[in-house]
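Reader: I would like to go through this model with you, one element after another. Could we begin with the strands?
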Amino acid sequence: MDQGAGAGNGPQRARGRLGAPSSGMRAPGTPWARFSAWLECVCVVTFDLELGQALELVYPSDFQLTDKEKSSICYLSFPDSHSGCLGDTQFSFRIRQCGGQRCPGHAGEKPGDRGAPASLQREPAHYFGYVYFRQVKDSSVKRGYFQKSLVLLSRLPFVRLFQALLGLVAPEFFDKLAPCLEAVCNEIDQWPAPAPGRTLSLPVMGVVLQVHIPSRADTPESGPLEPSGHETLLPAPVVLPSVHELDLFRCFRPVLAHVQLLWELMLLGEPLLVLAPSPAVSSEMVLALTSCLQPLKFCCDYRPYFTIHDSEFKEFTTRTQAPPNVVLGVTNPFFIKTLQHWPHILRVGEPKMSGDLPKQVKLKKPSRLKTLDTKPGLYTAYTAHLHRDKALLRRLLKGLQKKRPSDVQTAVLRRHLLELTQSFIIPLEHYMASLMPLQKGIVPWKTPPQIRPFRQDDFLQSLERSGPQLTCVLKGDWLGLYRRFFKSPHFDGWYRQRHREMTQKLEALHLEAICEANIEIWMKDKSEVEVVDLILKLRERLVRAQGHQLPVKEATLKRARLYIDTAIGSLPKDLQAVLCPP
């Protein structure tokens, strides 16, 4: 296919079809409502001799992107010239949405996120781009190469699912083009919503993908999916072990000796530049790093693949202030010169998939950085607070010698990181729980007591009797690690989330206390103003509880409605008319 011809008409045709703005998830029953629960849109980016990278197609055609977003998608959908990717390659990127939040609802949990782990909730202000790029020799094209990318834009961090979907769709699309894409989008528009805790069958192009959508109720021991009740399906479903988890062992092979140090850098939200030989290696390493804090939500910014053309290039590379809390994946060595003031730079080489452990990158002082010929290494002056777990490395090396499958090695590594994070977080959870007022202090007709303030010194003193040493064998300066953690975005993110949950629990307990009391006795000596005030407060709680923002039983909700009716019935007719207009 001649790219000049294909791209020449494409952008104009795509722009001509772009209608009214689409604002995040569409209302149920509207066109593309089911599709938008999974994807925002599908983009096709091609290389045009006159324009460079150009957006050839956006589907559904009424999904509107700003010019800045279009430019970012175009540049990030192609490997830069340093990567030299021939053939097919898959990678991902993440961009900030321009023009503020377009997702409906408040900035907290979205309807589709109820029950989802914090780390897997829909992104309110960023898009993920999942890319399938093809570059092959083609004598019919002026430059001698066919270069095109198919991009899935989504708010969901389901990298494993969307890569599998692209693996099915993209090769077919490159042969048959737009009609194939339209058919696939129509199929996705028939998929059930990605509700947490459900196992779904997702038909596409004659294949059924079977996936489990993670839930907060899942346990780490849940293990991979087993086909259940689908034995009669023809064709047999393709079972994806996870919608989001990468092969952690493969991603971390060159840095296994430093996994714990990298975990500390992630925990503390430290700025980290990852320089890799290709967007595929860069994006997988960044996503692996940001996933190693689970179940903690990664609260800093991160860009799996980033180029000098990005609209935020100046913001991230300025020297007038401290480096931002971001993990940046790049392939252009120019960044080493531009970001040599960053405190941590990880350079990884081409992945080697031999049976032996690849040469581990060495810890090097930042002063050893050379502008263009920098060798693989972790360039940092940071000293780890915790001692390295040598038993983990021995176990992984033994697994390599015994040719243990990569997914088993990944399970060992993931469990280690999970237990490390849990050992760190459990003392914080215990201390936070102690700040909750006692239930006997929650009485029906008084404002509920406040959650006590988090005092860092009190928490640090509590570590002697209930610290991480109870669940973790690792020795080291845990106190120093907590002190630095208090200054990080992750402490702020964790504290806000826990405080919000505790406040909701407190409101729910207060509502239950009111509903267990006798409202008629209370109303006997109360003025109309006090009764109206109670009605308005109960209504507000009821609205919040019905919106699943308060953990309240259905029986309590029924009782609250009954109390509202009883209270309204005790008021004069003119006030009743105001509170219950016809």
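Reader: How many bridges join strand 12 to strand 14?
Author: There are 4 bridges between strand 12 (residues 344-347) and strand 14 (residues 377-380), and the two strands run antiparallel. Helices (H or I, at least four residues) and strands (E, at least two) are DSSP runs, numbered from the N terminus. Two strands pair if DSSP finds at least two bridges between them.

Reader: Before we continue, what is the source of the model, and what are the limits on its features?
Author: This is a predicted model, in which local features need pLDDT of at least 70 and side-chain atom pairs count only at pLDDT 80 or more, while totals for chains, interfaces and linings use all residues. Residues are numbered from 1 along each chain as its sequence is written, and side-chain values use heavy atoms, with hydrogens and water left out.

Reader: Which residue in strand 14 is the bridge partner of Arg347? And which one is the partner of His344?
Author: Arg347 has Gly377 as its bridge partner in strand 14. For His344, the bridge partner in strand 14 is Thr380.

Reader: How does strand 13 run with strand 14, parallel or antiparallel?
Author: Strand 13 and strand 14 run parallel, joined by 3 bridges. Lys364 has Tyr379 of strand 14 as its bridge partner.

Reader: Are the faces of strand 14 covered or open, and which residues lie on each?
Author: Both faces are covered: Gly377 and Tyr379 lie on one side, Leu378 and Thr380 on the other, and all are buried. Buried means under 20% relative accessible area, exposed over 50%, and partly exposed in between, with a 1.4 Å probe and protein chains only. In a regular strand the side chains alternate between the two faces of the sheet.

Reader: What is the strand order of the whole sheet?
Author: The order is 10-11-9-12-14-13, an open sheet of 6 strands with mixed pairing. Its edge strands are strand 10 (301-303) and strand 13 (362-364), each of which pairs on one side only. From one strand to the next, the twist averages 15°. Axes are lines fitted to C-alpha atoms, for helices over the stretch in contact, and angles run from 0 to 180 degrees between N-to-C directions.

Reader: Which strands does helix 8 touch?
Author: Helix 8 (residues 279-291) packs on this sheet and touches strand 9 (272-275), strand 10, strand 11 (326-330) and strand 12. The direction of helix 8 makes about 160° with that of strand 11. Contact means heavy atoms within 4.5 Å.

Reader: How many bridges join strand 3 to strand 4?
Author: There are 10 bridges from strand 3 to strand 4 (residues 126-137), and the strands run antiparallel. Arg94, for instance, has Phe128 in strand 4 as its bridge partner.

Reader: Thr89 is in strand 3. Why does Thr89 count as buried?
Author: Thr89 counts as buried because its relative accessibility is 13%. Leaving aside neighbours within four places in sequence, Thr89 is in contact with Pro79, Val131, Tyr132, Phe133 and Ala280.

Reader: On to helix packing. At what angle do helix 11 and helix 12 pack?
Author: Helix 11 (residues 390-401) and helix 12 (residues 406-434) pack at about 170°, with their axes 10 Å apart. They are therefore roughly antiparallel to each other. Angles under 35 degrees count as roughly parallel, over 145 as roughly antiparallel, 65 to 115 as roughly perpendicular and the rest as oblique.

Reader: And what is the angle between helix 12 and helix 14?
Author: Helix 12 and helix 14 (residues 478-485) pack at about 75°, with axes 12 Å apart. That makes helix 12 roughly perpendicular to helix 14. Leu420, Ser423, Phe424, Pro427 and Leu428 of helix 12 meet Trp478, Leu481, Tyr482 and Phe485 of helix 14.

Reader: Lastly, at what angle do the axes of helix 15 and helix 18 cross?
Author: The axes of helix 15 (residues 489-516) and helix 18 (residues 554-569) cross at roughly 60° and come within 9 Å. The two helices are therefore oblique to each other.
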